[in-house]
Amino acid sequence: MSSYNVFTNPICVQNARTRMRLIPTLSWGLVTLTCVAFIFSLVYLILTERNEFDPVNAAKTALVPLIVVQCVLLMGMGTSAVSSGIARERDRELLDYHRMSPMSPAAKIVGYLFGLPSREYFLFALTMPFVVYAVLRGGVPLLKVAHFYVVFFSSVWLYHMTGLMAGMVSRKPWQSSLVSLGTVAVLYLVLPLFARAGLSFFDFLTVRPTFYGMIAEELQRSGQDQWGPARMMLMRQYESVPFYGLSLNPTAFSLVVQLFALTAMYHVVRRKWVDTAWHPFSKRFSLLFVTGIVFLLVGTLWPLLSDAAVNADLLRRMSEVRPLEAQTLLIGLYFVVAGLAVLMTVSLTTPTRQTARKGLRRAQKFQRSGIPLTWDAATTWPTTVAMLLIAGAGYGVVLWALWSGEVYTVQPGMGRWLVTLAVIGALVVIAFQGMHEVFGQRAVILGLFVVWVVPVMVGIVLVAAFDAWQPAMYIGSCCPAVAGAFTLTMLLDASQGDTDDASYLLIDTPAELHARLVIVFTLVLNTAQAILGQALRYAAAKRRKRAELSTSLGPVPTPTEEQYPPAPPPRAAG
């Protein structure tokens, strides 16, 4: 167990000595200490000397920029150090050396996870005296501060694991740093938009909910509302988490969501550590991953569709969205998130042609009639079907919440459009899996760009320049996202019933006359693509198996004279 101790782990000690060299550490420490002292003095002294706040509330206010600096140090710089450091180790082939050591893969991961950002942990420690003073001077309960830093370090380790995964997968060190920093930016800038639309579990991948919840409690305790109604609404949003029929503690929910993400990333890093040729996800874990995503997604959407109070709170946050539009938006979000999760998992588990050939040879070596379904070389078709069934089950639970809830009234005409959405999503996944297994990831992505994105661009140009709606719609229908958007608009129109409370998106527009035909055309086209993709996959698998079998048996030897000497000539009569 000493290998898991960061102070005695040899990989951690070696990386810490490298990152903590005297001159660079003193330089970074001086810059950090000066900047933190300037920020704290600027905020605290201005608020107290100008008599805007008393010293207690000024110290609480100064605590906010200190936490922001700590996030930049550990979540930004620390994550970049982990990703670029592990990429350099891989380029120098030091990882191959460590693979031969008797340490377990988990101990090696721990060594890199805490050794590479050691300098950033030191810089973080330099900010703590100012934080301690602000906490004691502001009278913030120590238990609440400890509560916050539990989630803070959980987020830090999640981002560091993201950097470690990016460094193990990326080809160049600068690419790994860019991917890791881009991931942190997406977590704090893009995913909150999904949280605002109702998918709040994305926001709990960050420290924002706990941070705002702590500030809300402190403002309520001190009786101050200077933050304004919009900011106070944002803070009250994180006081509790509606999940299925429960109201969960935001800290506990944050830890659960981050543990799920951390487990997925650890799975990828461990597999790449054992063998770089292995797929990021195993077949079994891919099913667990999709199940976890669907479970979180359905649990978040359940109260929004069935609980009137939770739905009203969502509509207050989205003041420009009407109730039935919010209903359609939530159903569309389920398909976007669940579909992307399934497509990503299929891409991470589908074998290349070379991997499939190696799997066939290995199966023949062990005298198996075929490749076991759990091997990386096995086809992902059964796994894809299982993932579609999991996503379909989640969709059924979402519709059950919609039907049995007290928020919306389900109109008779909605059923066919709800089924159409599911069919379009399933056909896209089936076609993607077949084509991916036959042609490979790069060719499929390029093909999707040509088949999906280019027609949409052409359609936009036709509408903008010539107002040619009819050809633009049929050209753009090659992309299933266009048919999906039309299906959602038809679902919204059907959800109106006989009332005119909400706007009809397609009424009195050029798209109204052709939307149904575009959806039918997309269904036919995607059905043909799905059948073609699976037929090509099956034919390629049979051809590959036949070729490997003939190679293992070898060519039929030609008989030689030594093996079969010629018959003697016949003896003459008499």
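Which residues in H18 meet which residues in H19?

Quick housekeeping. This is a predicted model, so local features need pLDDT of at least 70 and side-chain atom pairs count only at pLDDT 80 or more, while totals for chains, interfaces and linings use all residues. Residues are numbered from 1 along each chain as its sequence is written, and side-chain values use heavy atoms, with hydrogens and water left out.

OK, the helix pair. From H18 we have Pro455, Val456, Val458, Gly459, Leu462 and Val463, and they meet Trp469, Pro471, Ala472, Ile475 and Gly476 in H19. Contact here means heavy atoms within 4.5 Å. Helices are DSSP runs of H or I with at least four residues, strands are E runs of at least two, and both are numbered from the N terminus. By class, that contact has nine nonpolar, two polar and no charged residues. For the classes, Ala, Val, Leu, Ile, Met, Phe, Trp, Tyr, Cys and Pro are nonpolar, Asp, Glu, Lys and Arg are charged, and the others, Gly among them, are polar.

How do the two helices sit? H18 and H19 (residues 469-476) pack at about 170°, with axes 8 Å apart. The axes are lines fitted to C-alpha atoms, for helices over the stretch in contact, and angles run from 0 to 180 degrees between N-to-C directions. H18 and H19 are therefore roughly antiparallel; that label goes to angles over 145 degrees, with under 35 roughly parallel, 65 to 115 roughly perpendicular and the rest oblique.

Now the pockets. We use a 1 Å grid over the protein atoms alone: a cavity is a set of points where a 1.4 Å probe fits but cannot get out, a pocket is an open set with protein on both sides within 12 Å along at least five of seven lines, and lining residues have an atom within 4 Å of a point. Points join across faces, edges and corners, and volume is the space filled by probe spheres set on them.

The largest pocket comes out at about 1,800 Å³. It has 50 lining residues, and Met165, Val268, Phe281, Met344 and Leu348 are the closest to its centre. Helices giving two or more residues to that lining include H7, H14 (323-349) and H18 (441-466). The lining splits into 34 nonpolar, 12 polar and four charged residues.

The second largest pocket holds about 910 Å³. Among its 35 lining residues, Phe335, Gly339, Leu340, Leu343 and Val428 lie closest to the centre. H14 gives the largest share of this lining, 13 residues. Here the classes are 28 nonpolar, seven polar and no charged.

Last, two single residues. Glutamine 327 is in H14. Is glutamine 327 buried or exposed? Buried, with a relative accessible area of 0%; the cut-offs are under 20% for buried, over 50% for exposed and partly exposed in between, with a 1.4 Å probe and protein chains only. Leaving out residues up to four places away in sequence, glutamine 327 touches Leu402, Tyr408, Met414 and Ser495.

Valine 410 is in the loop between H16 and H17. Its C-alpha is 9.3 Å from that of alanine 494, although the two are 84 residues apart in sequence.
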